[in-house]
Amino acid sequence: MEKTTLCYICKDGKVLLLYRNKKQQDLNQGKWIGIGGHFLEGESEEECLLREVYEETGLILTSYKLMGKLNFYIDEIEEICFLYKAYDFKGKEKECNEGTLVWMEEQKIFNLPLWEGDPLFLKKLLNEEDYFEMSLVYKQDRLMEWRIEDDLSQPNSNC
């Protein structure tokens, strides 16, 4: 089971997205996603989040919140993803070697090429809904089924 983090950095009605267009054999090729990646051995969720955001954007998060946990099943891949929303940061944005970083207006996000299930959790994240857990089952890049559990108590993860 793979463990990852995924973060959507929000500021002034815009969200920092990564258009995946630079890596060879990329599962996310041609899609717009948040910032994140895989855990290193011994890393906590928060350590992975901060490292991945810094590596991909050059930004240091100063305010963020764990919004939920996503369970992805994509063919033979099983992934637990910790979903974060960030509100503030410091540092200077840099070029990403995995794709193109773009500050996108919130209302335009849903018209972009996304994974089919992304709008399901992005709406909850952007609307500041309570902590949730969601499972998304894909066959290749086609969403086959999804389910959500809403009434979970939120872990203490604010900074």
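Here is a short chat about how some features of this predicted model get their labels.

Me: Before we start, how do you know which residues count here?
Reply: This is a predicted model, so local features need pLDDT of at least 70 and side-chain atom pairs count only at pLDDT 80 or more, while totals for chains, interfaces and linings use all residues. Numbering runs from 1 along each chain as its sequence is written, and side-chain values use heavy atoms, with hydrogens and water left out.

Me: What makes something a pocket rather than a cavity?
Reply: Both come from a 1 Å grid over the protein atoms alone: a cavity is a set of points where a 1.4 Å probe fits but cannot get out, whereas a pocket is an open set with protein on both sides within 12 Å along at least five of seven lines. The largest pocket here has a volume of about 540 Å³. That volume is the space filled by probe spheres set on the points, with grid points joined across faces, edges and corners.

Me: How do you know which residues line the largest pocket, and how many are there?
Reply: A lining residue has an atom within 4 Å of a point. The largest pocket has 28 of them, with Arg20, Asn28, Ile33, His38 and Glu79 lying nearest its centre. β1 (2-11) gives the largest share, 5 residues, and the elements supplying at least two include α1 (45-57) and α2 (118-126). Helices (H or I, at least four residues) and strands (E, at least two) are DSSP runs, numbered from the N terminus.

Me: What makes up that lining by residue class?
Reply: There are 11 nonpolar, 8 polar and 9 charged residues. Nonpolar means Ala, Val, Leu, Ile, Met, Phe, Trp, Tyr, Cys and Pro, charged means Asp, Glu, Lys and Arg, and the others, Gly among them, are polar.

Me: Why is Tyr64 with Tyr84 called an edge-to-face pair?
Reply: Rings of Phe, Tyr and Trp (its six-membered ring) pair if their centres lie within 6.5 Å; planes under 30 degrees apart are stacked, over 60 edge-to-face, and the rest tilted. For Tyr64 and Tyr84, the centres are 6.2 Å apart and the planes make 70 degrees, an edge-to-face pair. Tyr64 is in strand β5 and Tyr84 in strand β6, 20 residues apart, and the pair links distant parts of the chain.

Me: How do you know whether Tyr64 and Tyr84 are buried or exposed?
Reply: Buried means under 20% relative accessible area, exposed over 50%, and partly exposed in between (1.4 Å probe, protein chains only). Tyr64 has 4%, so Tyr64 is buried. Tyr84 also comes out at 4%, so Tyr84 counts as buried.

Me: Why are Trp115 and Tyr138 called edge-to-face?
Reply: Their ring centres are 5.0 Å apart and the planes stand at 75 degrees, so this pair is edge-to-face. Trp115 is in the loop between β7 (99-105) and α2, while Tyr138 is in strand β8 (residues 132-139), 23 residues away. Both Trp115 and Tyr138 are buried.

Me: What makes Lys11 a charge over a ring?
Reply: The rule wants NZ of Lys or CZ of Arg within 6 Å of the ring centre and within 35 degrees of the ring normal. The charged end of Lys11 sits over the ring of Phe89, 5.7 Å from its centre. Lys124 lies over the face of Phe132, at 5.2 Å from the ring centre.

Me: How do you know what strand β2 pairs with?
Reply: Two strands pair if DSSP finds at least two bridges between them. β2 has 3 bridges to β1, 7 to β7 and 2 to strand β3 (residues 32-33). β1 and β2 run antiparallel, and one of their bridges joins Ile9 to Leu16. Strand β2 (residues 14-20) is mostly covered, with 5 of its 7 residues buried.
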